[in-house]
Amino acid sequence: MSTTSSRGFRRERFTDADGSGYTAIFTSEYGGSGFASDTEVAAGTRYEYSVIGDDDLSLRTMDASGGRRSGVIGPRDDHVVFWLTRGHLEMHFADRTRVVLPGAPYIASASEAYRFESEDTLYNGVHVADRFLRSVGRELGFLLPDGPLLFDQQDDVVARREPLRRLIRELGPALLDDRVRGPMRTALNRRLAVVVLDTFPLRNRGDDVPLASRLRDAIRFIEEHARERPAVGTIADAVGLRERGLQDVFLRTLGKTPSRFLRDQRLDGVRSELLRTADPGRVTEIAQAWGFTNGGRFAAAYRDRFEESPGATVRAVHAAAPGSETPSPRLRRALAFIDAHAAEPLTVAGIARAVGLQPRRLQQLFERELGTTPMARVRAVRAGSDRSVRKRTQPDEMRVDP
């Protein structure tokens, strides 16, 4: 175990190799009890647990490889937002059971106890102290219940935008820097706490509509009406917010204004149609249908978002196989599937199954017709959807980004 500590700041790392007990960590960090494992002494079983942060907020990772583990997580002083990048987790509450799979974020409210069963998991989490979250909420004017803070899960329309992970990527170098303490770290912690409050709906609010639900509705409204290019005021009215409030929540959670988000949605719409069209000559027509009337500005915006020209998209997608005068239909379907599902956890096997191919055959089609691989294409589409995310790196020591 390696540790540094000052005024509540922690940097700790526990591993099976240094003799740290998994049960002790589970008990001290999660109020756990009744821990059991069928792999406690099994060959090949490994775990590594890392913590960095202070009493207000900390980033954590747990890599627990091999076998199943179970136990009871008790009420805690902090709320935990986490996501898996590997494995399987079941959470059994008094009134419900939740199965957590890799990819989607999940929040465990501080006051709720639950029994868990996990298998071969790689876990990344943000722990936010209840008192700190309440303090930030009061500063923002949130309507908070007198009793426990209980959160609902993010709606899928918000979750696929990954607002918290986007911000962690942005702040990562500073959050992982031992020298960042005191007021500076508190300011960083506050930004993360704000996104938690903005994107996870609070229960027990009476007739008040949580801001997280208004954000969800705003994103959905923009997605559904992007062709119509609604004004910011129209979007705000549709979800019951003032323009300034809408601007603030978009900047805090998504790192862009509603107008920029709308423009990106229109560009995404153009790209989606280009991936399906059989006629490269329709680029201008499709762009104009999405409200891009200036060809030069459209081309520049498209290249900035996707790192290729509209024409290059059409040529790449519809490149014909050697000896054939027509594009490969299966390849077109695979590309369209990737474009539609890039925000989800994808595998070669999953893409192949969606288009009716064996994984090996899918690999061959990509290599022969596009000179690339299916997963390389997935990465390119994800990068194009948010270049700012791609350019920010997260140190390996804390794997807070899957």
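This is a predicted model: local features need pLDDT of at least 70, side-chain atom pairs count only at pLDDT 80 or more; totals for chains, interfaces and linings use all residues.
Trainee: Why is Asp198 called buried?

Mentor: Asp198 has a relative accessible area of 0%, and because buried means under 20%, Asp198 counts as buried. The residue sits in helix H5, where, leaving out residues up to four places away in sequence, Asp198 touches Phe142, Leu211, Ala212, Leu215, Val249, Arg252 and Thr253.

Trainee: What makes Glu162 partly exposed rather than buried or exposed?

Mentor: The relative accessibility of Glu162 is 22%, and since buried means under 20% and exposed over 50%, the value falls in between, so Glu162 is partly exposed. Glu162 belongs to the loop between helix H3 and helix H4, and its phi is positive, about 50°, although Glu162 is not a glycine.

Trainee: How do you know that Glu307 is partly exposed?

Mentor: For Glu307 the relative accessibility is 41%, which again lies between the cut-offs of 20% and 50%, and therefore Glu307 counts as partly exposed. Glu307 is placed in the loop between helix H11 and helix H12, and its phi, near 60°, is positive in a residue other than glycine.

Trainee: Which residues have the most contacts inside the largest nonpolar core?

Mentor: They are Leu164, Leu246 and Phe250, in a core of 66 residues, to which helix H5 gives the most, with seven residues.

Conventions
Residues are numbered from 1 along each chain as its sequence is written. Side-chain values use heavy atoms; hydrogens and water are left out. A nonpolar core is a set of buried Ala, Val, Leu, Ile, Met, Phe, Trp, Tyr and Cys residues joined through side-chain atoms within 4.5 Å. Buried means under 20% relative accessible area, exposed over 50%, partly exposed in between (1.4 Å probe, protein chains only). Helices (H or I, at least four residues) and strands (E, at least two) are DSSP runs, numbered from the N terminus. Contact means heavy atoms within 4.5 Å.
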